[in-house]
Amino acid sequence: MNEPLLIQILTLFPEMFEGPFNHSILKRAQEQRLIEFRFVNFRDFAYDKHRMVDDTPYGGGSGMVLKPEPIYRALQAAKAVKPDAKVILLTPQGEVFKQERARQLAAYRHLILICGHYEGFDERIRAWVDLELSIGDYVLTGGELAAMIVSDAVARLVPGVLGSENSAVHDSFTENLLDYPQYTRPFEFNGMKVPEILLSGHHAQIEAWRRKQALKRTAERRPDLFQKLVLTEEDQRLLKEE
Ligand code: 6GU
């Protein structure tokens with residue numbers, strides 16, 4: 001039995017993670033010991049009598065800045081749990097998180113995610129991390145939601161977390177490609193019918209139809225992804241059909 005992927009999350013708000021991490025696939029993955037989450041509250045590493053984790057910015061200005069010492073100590077404690085951690089800081093200034101990075105992170109045995117909060121953090125924290133990640137071009141109140149998203153995307157790529165039928169092999173085939181349209185019963189609903197091809201039983205034709213729909217949908221909705229695709233001759237033929 002493999003050791004689980006350990007994801008340690010440094011946060012002032014560990015309770016925020018209770019909902020997302022304790023349901024459905026992430027819950028089962030923890031029960032199966034495929035992944036393990038641990039929370040380190042860096043307030044526990046603030047040793048002054050008020051357990052201060054933030055302070056006013058040097059140079060003036062509004063808002064509070066996370067202090068370096070509690071995060072440094074929490075990080076040392078987290079690293080001691082298991083060697084070879086990849087330390088990741090969640091910040092809107094980081095690399096935009098993509099599937100390719102998720103796949104790379106799923107190969108690690110130990111990830112440490114640091115959630116910034118409030119208005120910002122002391123710049124010196126940056127020196128202790130291997131990677132900075134942002135989940136997109138918008139501003140969140142803190143790194144917690146971003147850490148949940150990164151954790152979820154990485155966890156589902158750990159072997160055994162998903163059923164074999166929806167495996168990561170499928171992902172790598174379809175990366176940069178939007179999903180094809182899916183249908184289930186009933187055949188007709190509110191006058192809208194399921195495409196006949198899906199009832200034909202012709203597996204090769206169904207696969208070709210799905211591939212074509214996925215390609216067309218990607219071209220229309222996400223030209224940025226479409227231009228990254230390496231199209232086969234068959235793909236080019238499908239795109240030229242009616
Ligand atoms: Cl990682 N943190 C915050 N606060 N806002 C974000 C983000 C992270 N990624 C996108 N927006």
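Where does Pro186 lie? I looked this up before anything else. Pro186 is in the loop between helix H6 (168–174) and strand E8 (188–189). I was working with a predicted model.

I checked the peptide bond that joins Arg185 and Pro186, and it is cis, with omega at about 5 degrees. I noted this one because most peptide bonds are trans.

**Entry: the whole chain**

I looked up the secondary structure and found nine helices and nine strands in the protein chain. The radius of gyration is 23 Å, well over the 18 Å that the globule rule gives for 242 residues, so the chain is more spread out than a compact globule. Along its principal axes, the C-alpha trace spans about 70 × 45 × 40 Å.

I then looked at burial and found that buried residues are 41% of the 242 in the protein chain. For contacts I took the pairs with a separation of 6 or more, and 76% of these join residues 24 or more positions apart. The accessible surface came out at about 14,700 Å², and carbon and sulfur atoms hold 52% of that.

I also looked up the charges. The protein chain has 31 positive and 35 negative charges, and their mean positions are 2 Å apart.

**Entry: domains**

How is the protein chain divided? I found domain 1 at residues 5–155 and domain 2 at residues 188–240. Taken over C-alpha atoms, the centres of domain 1 and domain 2 are separated by 39 Å.

**Entry: positive phi**

Most residues other than glycine have a negative phi. I wrote down two residues that go the other way.

Arg51 has a phi near 50 degrees, which is positive in a residue other than glycine. I found Arg51 in the loop between strand E2 (35–40) and strand E3 (54–55). Its relative accessible area is 38%, so Arg51 is partly exposed.

Asp84 is not a glycine either, and its phi is positive at about 60 degrees. I placed Asp84 in the loop between helix H3 (68–81) and strand E5 (86–96). Is Asp84 buried or exposed? Asp84 is exposed, because its relative accessible area is 69% and the cut-off for exposed is over 50%.

**Entry: Asp122**

I turned to another aspartate, Asp122, in the loop between strand E6 (110–115) and strand E7 (131–134). Why does Asp122 count as buried? Its relative accessibility is 15%, and buried means under 20%. I left aside neighbours within four places in sequence and found Asp122 in contact with Val65, Leu66 and Pro68.

**Entry: Val158**

I looked up Val158 and found it in the loop between helix H5 (144–155) and H6. Val158 is buried, as its relative accessible area is 5%. Which residues is Val158 in contact with, leaving aside its neighbours within four places in sequence? I listed Leu5, Leu34, Ile35 and Ala106.

I also took a distance from Val158 to Lys49. These two are 109 residues apart along the chain, and their C-alpha atoms are separated by 42 Å.

**Entry: Leu198**

Not counting residues up to four places away in sequence, Leu198 touches Tyr183, Ile206, Trp209 and Arg210. I then looked up how Leu198 stands to Val81. They are 117 residues apart in sequence, and C-alpha to C-alpha the distance in space is 51 Å.

Conventions
Residues are numbered from 1 along each chain as its sequence is written. This is a predicted model: local features need pLDDT of at least 70, side-chain atom pairs count only at pLDDT 80 or more; totals for chains, interfaces and linings use all residues. Side-chain values use heavy atoms; hydrogens and water are left out. Helices (H or I, at least four residues) and strands (E, at least two) are DSSP runs, numbered from the N terminus. The radius of gyration is taken over C-alpha atoms; the globule rule is 2.2 Å times the number of residues to the power 0.38. Buried means under 20% relative accessible area, exposed over 50%, partly exposed in between (1.4 Å probe, protein chains only). Contact means heavy atoms within 4.5 Å. Accessible areas come from the Shrake-Rupley method with a 1.4 Å probe; for residues, only the protein chains shown count as cover. Lys and Arg count as positive and Asp and Glu as negative; His and the chain ends are not counted. The place of a charge is taken as NZ of Lys, CZ of Arg, CG of Asp or CD of Glu. Domain bounds come from an automatic or database domain assignment.
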